[in-house]
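The entry is shown first.

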Amino acid sequence: MLGLQKKDASLLLLVFALTMLAPFILNPFPEGSGWAQFNAGYPDLMQRFVIFGIFAIGFNILFGLTGYLSFGHAAFLGVGSYSAVWMFKLLSMNVIPAIALAVITSGLFALLIGFISLRRSGIYFSILTLAFAQMSFALAYSVLTPITGGETGLQLALDDPRILDSISAAAGGNIPVPSLFGIEMRDSSEWSVGSWVFTFNNGYYFAAFIMLCSFYLSIRIFRSPFGLMLRAVKSNQQRLNYTGLNTRPYTLAAFVISGMYAGLAGGLMAAMDPLAGAERMFWTASGEVVLMTILGGVGTLIGPVLGAGMIKYMENILSKINSDILHTWFAFLPDGLEDFIVTIIYPFIGKGWHLTLGLLFMMVVIFLPGGLVEGGQKIAKLFKRGKKDDDGAKAADATTPAE
Amino acid sequence: MGILDVKNVNKRFGGLQALGDVNLNVAENSVHAIIGPNGAGKSTLLNCLVGKLIPDTGSVMFDGQSVLGRKPFEINQMGISRVFQTPEIFGDLSVLENMMIPCFAKRDGAFELNAISSVGSQTDIVERAEQMLEEMNMADKRHMHAAALSRGDKRRLEIGMCLSQEPRLLLLDEPTAGMARADTNNTIDLLKQIKEERDITIAIIEHDMHVVFSLAERITVLAQGTPLVEDTPENIKGHPKVREAYLGESA
Amino acid sequence: MDAILLQILNGLDKGSAYALIALGLTLIFGTLGVVNFAHGALFMIGAFCAVTVSRILTVSRTIIDDTQKDFLGNPLKVEVPYVHDWFGQATGDVIIDWAVPLSIFFAIPVMICVGVIMERGLIKHFYHRPHADQILVTFGLAIVLQEIIKFYYGANPIPTPAPSAFTGSFDFGAMFGFEPNTIIYPYWRLVYFAFAAVIIGAVFAFLQFTTFGMVVRAGMADRETVGLLGINIDKRFTIMFGLAAAVAGLAGVMYTPINSPNYHMGMDFLVLSFVVVVVGGMGSLPGAVLAGFLLGILESFASMRQVIEIIPGINQVIIYLVAIIILLTRPRGLMGRKGVMEE
Ligand SMILES: Nc1ncnc2c1ncn2[C@@H]1O[C@H](COP(=O)(O)OP(=O)(O)OP(=O)(O)O)[C@@H](O)[C@H]1O
Ligand SMILES: [Mg+2]
């Protein structure tokens, strides 16, 4: 199907089903129940799942395949957001040109930074990308204020030119919102079934569609001769050089592609909520995408998407739990024990969710270098072993990168 | 005028003269062995041929073109392939994928952005790689991780990878080092067979005299960075200077 | 002239902090070959040692003082620190006033313990893993450490003043014959610089003149050979890790009066310190110190009004710009050894 092997095609189908049904899957608990706070099926969060999924998929093309650890990828995300907002301001509120420009500018920016940074490898490469990103951040924050809006960020204004839109639409009283040929991104329809409420948001489905396309493209890249060369770069660059292959353009292409993915994610962020700020370029944002990719499973196809989902879920849901909620959960225990357990769990939730994230991340790096995907495979293997032992098939599987 | 012509090459590492006025001429379609005691500069000489090191002075011509100042991948594309002293393969990739990479390099050149079609759809490459593995007697291991191969197999794979590019000059740095006798003999047979089947020039560095005398048509003896003699194997065997510098202890 | 001197002085305190952190990073990298992203967290923990000590010193009991009345006319509640009970009021006040310097004695054992536990408990298992894994696991550890601190001390900066004797500024220029009031310099910054110089000197002397240090230096140059001599390098390296942690921690302790400690100060400094280490040359101790001061001073020059007028924004990016240029022109940094981390 679509030029994919069977295994990859079913993976794509699975992701397709998950994203399309996300409003249901992420909202398993009825409204008003004690568990409703674990529902993640609201537009804002669902959009973030897929957008950061795109970011991580792209990052994985660079880090997962070539092993080059960039600590400055957020810069491309930021550039994408700024470009998109400018397109909204100048040309049209249609998201297509905005996203197109976001991808193009971030690609060019990545070309420049990659061209310089890729002259070095290892930690030197990481530091160079970090330095470039921090420079972009500092400049966006200060000198480039006319372009970036500085500390307040770049926002839409009523008197923006919007050349294309001004022809058709009469000047209204409100700032228009991003749309896809008239379909407003922020619009949702709701569907209530009993006490369940499911929200279908235009923006989410648009972003999810783009995410599926990006995911499909990344599968193609992974399975292509280009992807093979990138994996060879990670494995043994010296051998590649002495085999008559020029590694530089390969790594640069991977860098630019992953920069464009980041720009796409940034553009989509702006399309969902048309503003852009410098903090999107700060190095912690670059660190976050590293966390996502590692957590999910670096070098695997689905891993980055899982990692992005997991971190965004924790950020939004775990952080909402407070000690009162904990007390209601453990109310069935004797008082002393209840208090004790709540005291123990408390640092890990609410504002402390970063602590959970940090610990989880360390655990993954220490025990599960292959991330959640590896964990899933191990569990699956445990179950399989119960049925039958076939090592031959496993050895044959070992060579294609895991899904 | 041979295919490879090295003239007056010098290379210093700080105070150490690793190569001093090396002249070497390798005739086309011959097997030329370079021997010499440890630290004689054999690997250094090879490094100067493939672009890993740049000689301080001198010239290195391959088929009438200078290789100096070219990057390793450019030199490889000119037709020189190198097998390393410790096997250099893509450990994370499968044996088949290892074999496919040089085939791509041969077909597409140093860079080709082929990011959409799948590797499996490149039937010519897959066939070529499979055929090469067949020739190397490794077809049954095609799906193994290359890192899991035995040392002998890694070396075989590396030689196969180099051969699949159909180089005009194959450089081998101690291809049998650390191999068991049986493996060594297999490698000798393999190289002999390669030599019979195609037009190829082989330059081989080797400590194992059995290998050297089974294969080489000419031998250069290197000692302390300078060539002592260059001659046929028969003459080298009896050469007093060589006995003194090198064979003295092993003969 | 005086403007230049002022900028050099202004750069010294930041430069000192960079140099101290970079020194520890380099010690760890040089000895253990580990890229430690949690080193900034050690700096931060040091700073919070100072906060802890000043809190402990001001632990008080509440008494009701009948002689004083509050504005409602009730007897006033007064907090009396226990140190007053133990040492008398006057000495007690001095002790509280000197909390930050006193914290040094608390921070040294604490930091060494933290360092040794970190090395034995975690880092040890990563010696043979790729550098990317080391970066990632220590990055995770840094997040954990800073979140723990945040949990106990909150997210806001905690002002921790210097002893009152050092709180003011003085006319540095006038002392050296410049126009009065052109070079005003806070006392504590000078203290910080002097302190950093002493620590750096001590570390170098330790490595240079003790047998322990000599073995460590030999191990940094060629670990295998020294290992072959039957010397237990690992144990010494563990101690070096503790030492590096202590250096970072002390840098943090003394930095608290300059910048009120907060939980993310470590990360803020770490990013810059890594740049410093790379500029100085991975694995070179003098390089780390040199680059630390150099970048600190450059940063302060770049924030001069005259410079900003010519190149707007340069103060924000100077360090990164220098790092990029140096990395591209001198891949091994200013004083780096050949072959370190080049693959
Ligand atoms: N990159 C380098 N830097 C400094 N010295 C080097 C370097 N490479 C090689 N040498 C030195 O140059 C000399 C020649 O080394 P080379 O590896 O060429 O010897 P060789 O003949 O291949 O020996 P062997 O048979 O042990 O492989 C040795 O003394 C070696 O220590
Ligand atoms: Mg050699």
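The text below goes through these topics in turn.

**Basis and confidence**

This is a predicted model, in which local features need pLDDT of at least 70 and side-chain atom pairs count only at pLDDT 80 or more, while totals for chains, interfaces and linings use all residues. Residues are numbered from 1 along each chain as its sequence is written, chains are lettered from A and ligands numbered from 1 in the order in which they are written, and side-chain values use heavy atoms, with hydrogens and water left out.

The model scores ipTM 0.90 and pTM 0.89. pLDDT is the predictor's confidence in each residue, from 0 to 100. Chain A has a mean pLDDT of 85, with 93% of its residues at 70 or more; chain C has a mean of 82, with 94% of its residues at 70 or more. Helices (H or I, at least four residues) and strands (E, at least two) are DSSP runs, numbered from the N terminus. Within chain A, confidence is highest in helix H12 (residues 247-272), at a mean of 95, and lowest in helix H19 (residues 391-397), at 42. The pLDDT is below 50 over residues 389-403 of chain A, a stretch that has 26 contacts in the model beyond near neighbours in sequence. A contact means heavy atoms within 4.5 Å.

**Interface of chain A and chain B**

Contacts join 29 residues of chain A to 42 residues of chain B. The two chains bury about 3000 Å² between them, and 63% of this is on carbon and sulfur atoms. Buried area is the accessible area (1.4 Å probe) that two parts lose on being put together, summed over both.

**Salt bridges**

A salt bridge is a side-chain nitrogen of Lys or Arg within 4 Å of a carboxyl oxygen of Asp or Glu.

| Pair | Closest N to O distance |
|---|---|
| A:Arg231 and B:Glu97 | 2.7 Å |
| B:Arg107 and B:Asp108 | 2.8 Å |
| B:Lys11 and B:Asp56 | 3.7 Å |

A:Arg231 forms a salt bridge with B:Glu97. This pair runs from helix H10 (residues 225-235) of chain A to helix H3 (residues 95-108) of chain B. Are A:Arg231 and B:Glu97 buried or exposed? Both are buried, where buried means under 20% relative accessible area, exposed over 50%, and partly exposed in between (1.4 Å probe, protein chains only).

Within chain B, B:Lys11 forms a salt bridge with B:Asp56. B:Lys11 is in strand E1 (residues 4-13) and B:Asp56 in the loop between helix H1 (42-50) and strand E4 (57-62), so the pair ties together parts 45 residues apart in sequence. B:Lys11 is buried, at 11% relative accessible area, whereas B:Asp56 is partly exposed, at 43%. In the pair of B:Arg107 and B:Asp108, B:Arg107 is partly exposed at 36%, and B:Asp108 is partly exposed at 21%.

In chain A, a network of salt bridges links A:Asp44, A:Arg48, A:Glu288, A:Lys312 and A:Glu315.

**Nonpolar patch on chain C**

C:Ile56, C:Val59, C:Tyr82, C:Trp86 and C:Phe87 make a nonpolar surface patch of about 540 Å². Patches are made of residues with over 30% relative accessible area and no salt bridge; like charges are joined within 9 Å, and nonpolar side chains (Val, Leu, Ile, Met, Phe, Trp, Tyr) within 5 Å. Accessible areas come from the Shrake-Rupley method with a 1.4 Å probe, and for residues only the protein chains shown count as cover. Helix H3 (residues 82-87) of chain C gives the most to the patch, with 3 residues. C:Trp86 lies in this helix and counts as exposed because its relative accessibility is 62%.
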